[in-house]
Amino acid sequence: MSELLITEYFLSSDISSFLEWTKKVIYLYDYDIVIADKSGIRIYNLIEGEVSRPVDTVEWDAEQIKKGGFEHYMLKEILEQSETIQRAIQQDESVVNRIVDEIRRAYGIFFVGCGSSYHACLTGSYLFSKIAKTHVNVVLASEFENYEHFLTDRTLVFAVSQSGETADVLEAVRAAKRHGSKVIGIVNRMGSSLTRESDEFLLMNAGPEICVLSTKTYTSQVALMTMLAYALAGKYEEGIKKLKGLYMDIYNLTSRSMREHLKKLAEMLVDKEHIYLIGRGLQYATALEAALKIKEVSYIHAEAFAGGELKHGPLALIEDGTPVIVFVAKDNEKKILSNANEVKARGGFVIGVSAERHEIFDYWIKVPECGDLNPIVQIIPMQILAYKLAVLKGLDPDKPRNLAKSVTVI
Ligand code: G6P
């Protein structure tokens with residue numbers, strides 16, 4: 001190592017934490033131990049003994065990791081999404097075709113992930129069902145061991161992870177490999193364990209995400225899921241065209257006037273103890289992700305329900321003024337508005353996220369109707385709302401308490 005004239009070392013589970021100082025990185029493998037002292041570092045592997053690991057260079061440039069005049073990375077990353085979606089879909093078509101062939105050959109498909117990546121998996125399963133008529137099992141990576149007995153050499157496992165280092169996801173990948181199943185990674189970080197351990201992977205190309213919360217990488221994951229579903233249905237070009245068409249929609253959804261509109265809503269919600277969110281189908285997955293965004297950054301209890309489940313319990317929580325965010329799409333409008341009516345009848349404060357204003361809304365967040373692409377456009381105002389709530393509460397949205405960007409422990 002000494003010939004590199006390295007004078008300083010940073011030990012971290014996430015490269016974004018030291019990118020400001022260096023782009024040179026040594027990725028550690030399982031059972032690696034690093035001994036660092038004044039003379040430099042030595043790496044020992046508990047099984048192989050002393051080992052040498054290559055020094056890689058991170059492709060991301062220094063500009064990408066600067067705040068660029070923004071108060072917080074979270075806002076910067078939210079505003080990047082018109083661009084990052086476009087970068088996500090710039091994939092090598094031959095790799096996409098190979099993955100589509102694997103899906104067609106597979107007997108049993110799993111999508112696994114944690115946190116926001118899990119919500120992207122759930123969204124992906126609705127998209128695969130809707131667009132490509134293909135059934136997918138969605139499993140939290142930490143629960144995957146319960147399904148291990150279904151794995152065979154014909155199973156295909158999609159491991160979805162921004163960092164490519166989440167321990168639960170890597171455990172799932174290793175379980176899949178033990179059974180001879182194929183693993184496809186959907187990952188943001190080149191060089192991460194997931195890029196090394198999967199049989200094939202698609203890079204999100206979202207650039208570094210510094211804020212602990214996933215925003216741009218979530219929509220990149222959903223964009224890739226959408227692209228794959230269209231490709232599987234034999235409509236790759238159509239899917240790409242639709243996703244390209246999102247550029248202006250996202251630009252408008254992140255505009256200053258939209259941010260002001262959401263700030264007003266945040267002012268109305270900031271002192272609430274609970275916020276509930278409802279949706280059906282794709283909008284249920286969006287509601288789950290929106291609830292996660294709100295709770296992890298503002299510490300307000302936020303909980304999502306499938307619209308149809310309201311009457312099976314959650315309705316008991318609604319009192320005068322209880323805020324309920326309702327995600328509406330054209331194909332489930334009638335049913336979800338009827339759920340919203342049930343909320344309204346109990347005194348709930350109904351916030352609609354939809355293309356059209358409906359009478360029962362106490363507050364309306366206008367989003368375009370984008371069909372299969374609704375999960376992308378509907379989550380963006382929720383990311384902004386969560387951000388505004390954190391700022392109003394004087395919290396640092398980039399570093400929520402008790403949370404880490406990459407969770408490398410089980
Ligand atoms: C942590 C982060 C979340 C992220 C989750 C999964 O909990 O705080 O934002 O969704 O890990 O991370 P991954 O890197 O696997 O997508």
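Colleague: Which pocket does the ligand take up the space of?
Modeller: The second largest pocket. Bear in mind that this is a predicted model.

Colleague: How many residues surround the ligand there, and which are the closest?
Modeller: The ligand is surrounded by 13 residues. S117, S161, Q162, S163 and T166 are the closest.

Colleague: Which helix gives the largest share of that shell?
Modeller: Helix α4, residues 115-132, with three residues.

Colleague: What does S117 do at the ligand, in terms of polar atoms?
Modeller: S117 has a polar side-chain atom 2.6 Å from an oxygen atom of the ligand.

Colleague: And what about backbone atoms, say from V212 or A404?
Modeller: For V212, a backbone N or O atom lies 3.3 Å from a ligand oxygen atom. For A404, a polar backbone atom is 3.0 Å from an oxygen atom of the ligand.

Colleague: How much of the ligand does the protein bury?
Modeller: The protein buries 90% of the 390 Å² that the ligand exposes when taken alone.

Colleague: Switching to the sheets. How is the one with β2, β3 and β4 arranged?
Modeller: That is an open sheet of three strands in the order β2-β3-β4, and the pairing is antiparallel.

Colleague: What joins β2 to β3, and over how many bridges do they pair?
Modeller: A hairpin joins β2 to β3 through two residues. The two strands pair in the antiparallel sense over six bridges. Among the paired residues, A36 has I41 in β3 as its bridge partner.

Colleague: Which residues of β4 stand opposite I43 and N45?
Modeller: V51 in β4 stands opposite I43, and G49 in β4 stands opposite N45.

Colleague: What about the sheet with β7 to β10, parallel or antiparallel?
Modeller: Parallel. It is an open sheet of five strands, in the order β7-β6-β8-β9-β10.

Colleague: Which strands are at its edges?
Modeller: β7 (137-140) and β10 (200-203). Each has a single partner strand, so one side of each is left without a neighbour in the sheet. The twist in this sheet averages 20° from one strand to the next.

Colleague: How many bridges between β9 and β10?
Modeller: Four, in the parallel sense, with β9 spanning residues 182-187.

Colleague: Backbone angles next. What is the phi of Y31, positive or negative?
Modeller: Positive, at about 70°, although Y31 is not a glycine. Y31 lies in the loop between β1 (24-25) and β2.

Colleague: And what is the phi of Y299, and where does Y299 lie?
Modeller: Y299 has a positive phi of about 65°, and Y299 is not a glycine either. Y299 lies in the loop between α11 (282-298) and β12 (301-306).

Note on methods. Residues numbered from 1 in each chain as written. Predicted model: local features only at pLDDT ≥ 70, side-chain atom pairs only at ≥ 80, totals over all residues. Heavy atoms only, no water. Pairing = 2+ DSSP bridges. Near = heavy atom within 4 Å. Polar contact = N/O pair within 3.5 Å; in protein donor to acceptor, adjacent residues only side chain to side chain. Areas by Shrake-Rupley, 256 points an atom, 1.4 Å probe, with all protein chains shown as cover. 1 Å grid on protein atoms, 1.4 Å probe; cavity = no way out; pocket = protein on both sides within 12 Å on 5 of 7 lines; lining within 4 Å. Sits in = over half its atoms within 2 Å of the grid points. Axes fitted to C-alpha atoms, helices over the stretch in contact; angles between N-to-C directions.
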